[in-house]
Amino acid sequence: MQISAYHLTNLAVCGAYPTGESMFNRRRYGDEFSPRRGLSGTPSSLASRQRLNDPQRPWKGTVWSITVANFIVVDDFEDYTDDVSSRIFQTWRDGYGFSEPAPGYPGNGTGSAVGYSQPPFAEQTIVQGGTQSMPLAYDNTGAGGKARYSETQREWPSPQDWTRNNVKALTLYFYGDPNNTAEQLYVAVEDNAGHVKVVNHPELDSVLGASWHEWNIELTQFSAAGVNPKAIKKMYIGLGNRSSPKAGGTGTIYIDDIRAYPSRCVPSKAKPAASLNNDCVVDSLDVAMMAQEWLVRDVAEDVWKGTFSSQDIGAPTPAGGFSFDGNTYTITADGNDIWGSADAFHYASRQISGDCQITVRVTGLQPVHEWVKAGVMIRDTLNAGAPNAMIAITGGAGGGASFQWRPLADGASSSSRTLTGISPPACVRLVRKGDTFTGYVFLNGKWQQEGQSATVPMTDPVYIGLAATSHVAGTLTTATFDRACTFSAAELHADGIVNFKDFAVLADMWLEELLWP
Ligand SMILES: [Ca+2]
Ligand SMILES: [Ca+2]
Ligand SMILES: [Ca+2]
């Protein structure tokens with residue numbers, strides 16, 4: 001069952017009107033379309049307006065399929081222009097303010113700057129949806145008070161009801177930059193009685209990632225703090241600490257697609273254990289995925305039977321480190337890169353002979369560079385230019401993961417980066433069979449091979465273990481790992497093989513659905 005959308009199929013359009021509020025007053029991009037008033041109207045009334053392919057001159061015809069997304073658009077940043085009456089920083093007010101139209105706005109006193117100083121004022125390349133997003137520059141280096149945090153606010157002329165259509169969560173997308181100073185990203189809302197609640201993003205480093213991040217906030221976080229969700233008057237987006245400002249740094253992030261959603265499928269927040277295909281319902285798709293894994297067995301990994309020793313390879317400065325607390329393996333690492341003809345990184349490894357494999361989950365990786373790397377490696381020696389093979393999670397580059405290898409000592413490195421959409425937490429596996437090395441990423445519910453296998457001759461014993469490099473000489477990154485990956489998502493009954501016992505668990509959860517919040 002599709003729960004986040006209306007599907008209209010093959011409806012005859014009996015009456016079409018060229019004027020009035022209609023779905024075609026809004027833009028359509030890709031397969032998604034955002035009605036100005038969200039869920040206004042019923043599927044049949046929406047379908048009866050106009051035909052898809054010419055919003056200016058509607059005619060009667062057949063609508064084959066329309067999907068109307070099930071959310072309220074708070075702001076998608078598509079309506080701002082370079083005209084004096086509709087510039088982005090006139091709605092999202094910042095520290096700079098503006099002079100026209102009169103009487104202008106003197107600025108909110110914080111270190112924020114919304115939009116660019118020259119047209120086009122909105123960002124038109126780095127966008128999550130449509131053709132525009134909001135650049136939000138921050139400068140928390142000021143002398144004190146408001147000059148030490150950066151905030152933009154939007155005020156609605158009349159209070160907004162954020163309970164209509166049963167909405168339960170606020171979602172926004174943001175995009176960072178590894179050159180940013182890490183500052184706390186927050187969203188605050190204020191009701192018409194002046195009650196304000198600030199919600200911080202859970203990760204301080206979130207503004208360093210050069211990719212779009214979806215941030216889901218349960219609306220009860222605001223209402224539980226006394227903010228009336230039926231009368232939202234202002235929304236703030238900021239960086240720093242607005243209640244106790246302290247000196248910080250600078251940077252720029254981009255904001256797009258601020259929406260209010262009813263409960264919906266958010267697999268990263270909630271899904272039934274037996275939904276193998278990363279949606280929120282247990283159905284035939286999951287049976288099909290289990291069939292693909294049928295009788296797959298767990299493989300013993302001897303690497304975990306010993307203890308790791310750790311060292312810097314290639315003499316990076318400052319020195320890195322390694323620790324294990326019984327559950328989490330942590331590496332701090334400097335280093336130019338693991339690439340080219342010589343490497344600089346931190347390596348926690350042990351020696352092993354013969355065919356072997358290692359599987360870990362990279363649970364966190366501080367994104368100090370888009371090519372920061374953390375993953376599993378098998379290496380001939382501990383020399384900087386040693387032959388090696390590695391499957392690494394990155395800071396976003398290469399689709400988020402790279403399988404790479406250096407076949408000859410002090411020779412060039414090669415890589416494969418065909419899988420995309422990968423970010424921590426992510427499971428990776430490296431397998432050695434003879435001189436053949438194969439890298440895998442666990443993606444969309446199953447293990448997927450990254451590119452082709454590589455041939456890297458090595459002499460036993462080899463070094464196998466965990467590796468990380470910051471890719472920024474002089475700057476450390478922190479990578480964390482654990483062993484929470486299963487050999488198959490279909491292993492619902494934990495006995496080391498996918499068989500009827502796992503199917504029994506799945507059948508027991510048949511058509512179970514879990515939405516968030
Ligand atoms: Ca947009
Ligand atoms: Ca499913
Ligand atoms: Ca099993």
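How many C-beta neighbours inside 10 Å does Ala210 have, and does Ala210 count as buried, exposed or partly exposed? Ala210 has 17 such neighbours and therefore counts as partly exposed, where a residue is buried if 20 or more other C-beta atoms lie within 10 Å of its own, exposed if 12 or fewer, and partly exposed in between, with C-beta atoms placed from the backbone. The structure is a predicted model, in which local features need pLDDT of at least 70 and side-chain atom pairs count only at pLDDT 80 or more, while totals for chains, interfaces and linings use all residues. Residues are numbered from 1 along each chain as its sequence is written, and chains are lettered from A and ligands numbered from 1 in the order in which they are written.

The residue Ala210 is found in the loop between E11 and strand E12 (212-218); helices (H or I, at least four residues) and strands (E, at least two) are DSSP runs, numbered from the N terminus. Although Ala210 and Tyr175 are 35 residues apart in sequence, their C-alpha atoms are 5.8 Å apart in space. When neighbours within four places in sequence are left aside, Ala210 is in contact with Tyr175, Gly176, Asp177, Pro178, Glu370 and Gly396, two residues being in contact if their C-beta atoms, placed from the backbone, lie within 7 Å.

For the protein as a whole, the secondary structure comes to 5 helices and 31 strands. Buried residues make up 41% of the 517 residues, and of the contacts with a separation of 6 or more, 71% are accounted for by residues 24 or more positions apart.

The strand E11 also belongs to an open sheet of 4 strands, which is ordered E8-E13-E10-E11 with antiparallel pairing; two strands pair if DSSP finds at least two bridges between them. The edges of this sheet are strand E8 (150-160) and strand E11 (196-200), each of which pairs on one side only, and neighbouring strands are turned by 15 degrees against each other on average, direction ignored. Within the sheet, E8 is joined by 7 bridges to strand E13 (residues 232-239), the two running antiparallel, and Arg154 has Met235 in E13 as its bridge partner.

A second open sheet consists of 7 strands in the order E15-E20-E30-E22-E23-E24-E25, again with antiparallel pairing. Its edge strands are strand E15 (309-313) and strand E25 (414-416), each pairing on one side only, and the twist averages 25 degrees from one strand to the next. Strand E24 (residues 401-406) runs antiparallel to E25 and is joined to that strand by 3 bridges, with Trp405 standing opposite Ser414 in E25.

A further set of pairings involves strand E27 (residues 436-443), which pairs with strand E26 (residues 426-433) in the antiparallel sense over 6 bridges; here the bridge partner of Leu430 is Gly439 in E27. The two strands form a hairpin with 2 residues between them, and Gly434 in the turn has a positive phi of about 65 degrees. E27 also pairs with strand E28 (residues 446-449) in the antiparallel sense, over 4 bridges, and Tyr440 stands opposite Gln449 in E28. In the hairpin of E27 and E28, which likewise has 2 residues between the strands, Asn444 takes a positive phi near 55 degrees. With strand E29 (residues 454-455), E27 pairs in the antiparallel sense over 2 bridges, and Thr436 stands opposite Thr455 in E29.

The strand E28 is included, together with H5, in what covers the buried residues of helix H4. These buried residues are Asp286, Met289 and Met290; they cover an arc of only 100 degrees around the axis, which puts them on the same side of H4, the arc being that of the directions from the helix axis to the C-beta atoms. The face of H4 turned away from its buried side carries the exposed residues Ser284, Ala288 and Ala291.

Helix H4 (residues 284-292) and helix H5 (residues 500-508) pack at an angle of about 170 degrees with their axes 11 Å apart, which makes H4 roughly antiparallel to H5. Axes are lines fitted to C-alpha atoms, for helices over the stretch in contact, and angles run from 0 to 180 degrees between N-to-C directions; angles under 35 degrees count as roughly parallel, over 145 as roughly antiparallel, 65 to 115 as roughly perpendicular and the rest as oblique. Asp286, Val287 and Met290 in H4 meet Asp502, Phe503 and Leu506 in H5.
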